[in-house]
Amino acid sequence: MTPTLDIQQPRPFDLVGDTILIAGNATAFEGTLTIHVSEGHDEYSSFTQVGSLGLRQFQGSIDIPATNSFQLNRLFLTLADDTGNENGPSVTIPVLFGPRILPGYRGWQPYTVQPGDTLSSIAQSQYGNGNFQPIFEANQHVLASPNLIFPGQVLRIPRDDI
């Protein structure tokens with residue numbers, strides 16, 4: 001069976017900012033896909049266009065206002081073709097919302113864990129203080145505990161100065 005919705009960006013657990021860029025392949029009735037972003041306390045919706053005949057690539061985005069009421073940093077992005085049928089196909093993926101993880105979030109940079117590193121020492125070198133929480137939260141999909149990191153692991157370091 002040919003997939004009718006395939007989100008290629010963002011990937012599950014990607015670290016996203018105030019504007020979430022969305023791209024993929026879709027077959028949509030009348031060429032409209034609905035975008036919903038929620039974490040259970042607040043929700044935002046938008047839409048994007050896609051070709052209506054055959055599988056087509058699409059690009060879209062949704063802007064999350066700074067006045068959002070999100071309580072959690074894990075959001076669920078749902079893309080749905082519900083223009084022709086309220087029970088049409090949909091895809092939901094979890095993403096991590098950078099502005100809830102680090103105030104002023106502007107992006108992230110990779111960091112390869114070195115022997116002897118701890119999250120506190122990485123935070124000290126990256127932020128000038130030992131607050132490792134933003135690093136831990138940005139990597140919650142690969143870190144089970146802030147005390148378990150391994151040399152060679154590549155971590156995402158949220159930044160407010162990029």
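A residue is called buried when its relative accessible area is under 20%, as computed with a 1.4 Å probe on protein chains only. In this model, which is predicted, F70 is buried, and so is F97.

**Aromatic pairs**

Two aromatic pairs are counted in the structure. The ring planes of Y44 and F70 stand at 85°, with the ring centres 5.8 Å apart, so this pair is edge-to-face. Because Y44 belongs to strand β5 (residues 43-49) whereas F70 lies in the loop between β6 and β7, the contact ties together parts that are 26 residues apart in sequence. Y44 is buried, as is F70. The rings of F70 and F97 also form an edge-to-face pair, because their planes meet at 85° and their centres are 5.4 Å apart. This pair links distant parts of the chain, with F70 in the loop between β6 and β7 and F97 in strand β8, 27 residues apart. Through these ring pairs Y44, F70 and F97 are joined into a cluster.

| Ring pair | Distance between centres | Angle between planes |
|---|---|---|
| Y44 and F70 | 5.8 Å | 85° |
| F70 and F97 | 5.4 Å | 85° |

**Strand pairing**

Strand β8 (residues 90-97), which holds F97, runs parallel to strand β2 (residues 15-16) and is joined to that strand by two bridges, L15 having L96 of β8 as its bridge partner. Strand β7 (residues 74-80) pairs with β8 in the antiparallel sense over seven bridges, and within this pairing L77 stands opposite I93 of β8.

A separate description applies to the open sheet of three strands, which follow the order β1-β3-β6 with antiparallel pairing. Since β1 (5-9) and β6 (56-63) each have a single partner strand, they stand at the edges, and one side of each is therefore left without a neighbour in the sheet. On average, neighbouring strands of this sheet are turned by 30° against each other, direction ignored. Four bridges join β1 to the antiparallel strand β3 (residues 19-26), where G24 stands opposite I7.

**Charged side chains**

Side chains of opposite charge can pair when their charged atoms come close. A search of the whole structure finds one salt bridge, formed between R159 and D161, whose closest N and O atoms are 2.8 Å apart. R159 has 9% relative accessibility and therefore counts as buried, the cut-off being under 20%. Another arginine, R156, places its charged end over the ring of W108, 6.0 Å from the ring centre.

Definitions and conventions. Residues are numbered from 1 along each chain as its sequence is written. This is a predicted model: local features need pLDDT of at least 70, side-chain atom pairs count only at pLDDT 80 or more; totals for chains, interfaces and linings use all residues. Side-chain values use heavy atoms; hydrogens and water are left out. A salt bridge is a side-chain nitrogen of Lys or Arg within 4 Å of a carboxyl oxygen of Asp or Glu. Buried means under 20% relative accessible area, exposed over 50%, partly exposed in between (1.4 Å probe, protein chains only). Two strands pair if DSSP finds at least two bridges between them. Axes are lines fitted to C-alpha atoms, for helices over the stretch in contact, and angles run from 0 to 180 degrees between N-to-C directions. Rings of Phe, Tyr and Trp (its six-membered ring) pair if their centres lie within 6.5 Å; planes under 30 degrees apart count as stacked, over 60 as edge-to-face and the rest as tilted. A charge sits over a ring if NZ of Lys or CZ of Arg is within 6 Å of the ring centre and within 35 degrees of the ring normal.
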